[in-house]
Amino acid sequence: MTAATATRVDPAAPARRRDLAGRGLAALAALATVVAFVNGILLTINASDDRLFIEGWRVSSFGIFAALFALLAVRPRQAAGVWEIVLVGKAALVVFGALIGDVPEARLSAVVDFGLVAVVAAAYVLCRGWLAWRPAITDPTR
């Protein structure tokens with residue numbers, strides 16, 4: 001028995017090009033969030049005392065989202081729930097940013113998060129991220 005016959009490929013898995021494109025989009029989201037993380041560190045360093053905690057909280061959130069996007073890029077079908085948590089979290093920020101109106105930082109943040117939602121949603125479809133919910137019986141590399 002050869003290695004090719006020992007492992008059955010999941011017929012529901014995406015085509016290789018789609019998978020690579022989706023992983024690339026997730027990696028792009030991770031990279032963009034790392035840039036926001038670094039910028040957030042600079043803002044935290046220069047923040048006044050009354051903004052220090054909120055800037056620190058925002059920086060930690062950037063770090064967490066960057067790690068989640070990287071996880072999705074590396075293991076898109078082995079992270080059940082992560083796609084959905086990221087999409088809902090970012091979509092909630094878009095809605096909140098739109099609802100609070102003309103508040104400094106809100107409009108730009110909502111636009112950036114909307115872009116991330118679009119990129120991550122496309123990556124989810126391309127990688128077939130919903131397959132993460134299926135048990136990995138025949139192809140543990142999903």
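These are my notebook entries on a predicted model.

**Ground rules.** I number residues from 1 along each chain as its sequence is written, and side-chain values use heavy atoms, with hydrogens and water left out. Because the model is predicted, local features need pLDDT of at least 70 and side-chain atom pairs count only at pLDDT 80 or more, while totals for chains, interfaces and linings use all residues.

**Fold.** I looked up the secondary structure and found five helices and zero strands. Helices (H or I, at least four residues) and strands (E, at least two) are DSSP runs, numbered from the N terminus. The order from the N terminus is α-α-α-α-α. Of the 142 residues in the chain, 30% are buried (buried is under 20% relative accessible area, exposed over 50%, partly exposed in between; 1.4 Å probe, protein chains only).

**Largest pocket.** I read its space as about 950 Å³. A pocket is an open set of points on a 1 Å grid over the protein atoms alone, where a 1.4 Å probe fits, with protein on both sides within 12 Å along at least five of seven lines; lining residues have an atom within 4 Å of a point. The volume is the space filled by probe spheres set on the points, which are joined across faces, edges and corners. I listed 27 lining residues, with Arg58, Phe62, Glu105, Ser109 and Asp113 nearest the centre. Helices H2 (16-45), H3 (52-74), H4 (82-99) and H5 (106-127) each give two or more residues to this lining. H5 gives the most, seven residues. By class I have 17 nonpolar, five polar and five charged residues (nonpolar: Ala, Val, Leu, Ile, Met, Phe, Trp, Tyr, Cys and Pro; charged: Asp, Glu, Lys and Arg; polar: the others, Gly among them).

**Surface patch.** I noted a nonpolar surface patch of Val34, Val38, Ile41, Leu42 and Ile45, with about 430 Å² of accessible area together. Patch residues have over 30% relative accessible area and no salt bridge, and nonpolar side chains (Val, Leu, Ile, Met, Phe, Trp, Tyr) are joined within 5 Å. A salt bridge is a side-chain nitrogen of Lys or Arg within 4 Å of a carboxyl oxygen of Asp or Glu. Areas come from the Shrake-Rupley method with a 1.4 Å probe. Ile41 is in H2 and is partly exposed at 33%.

**Val59.** I placed Val59 in H3; it is buried, at 11% relative accessibility. Its C-alpha atom is 7.9 Å from that of Thr44, 15 residues apart along the chain.

**Positive phi.** Most residues other than glycine have a negative phi. I found Glu105, in the loop between H4 and H5, with phi near 80 degrees.

Methods:
Patches are made of residues with over 30% relative accessible area and no salt bridge: like charges are joined within 9 Å, nonpolar side chains (Val, Leu, Ile, Met, Phe, Trp, Tyr) within 5 Å.
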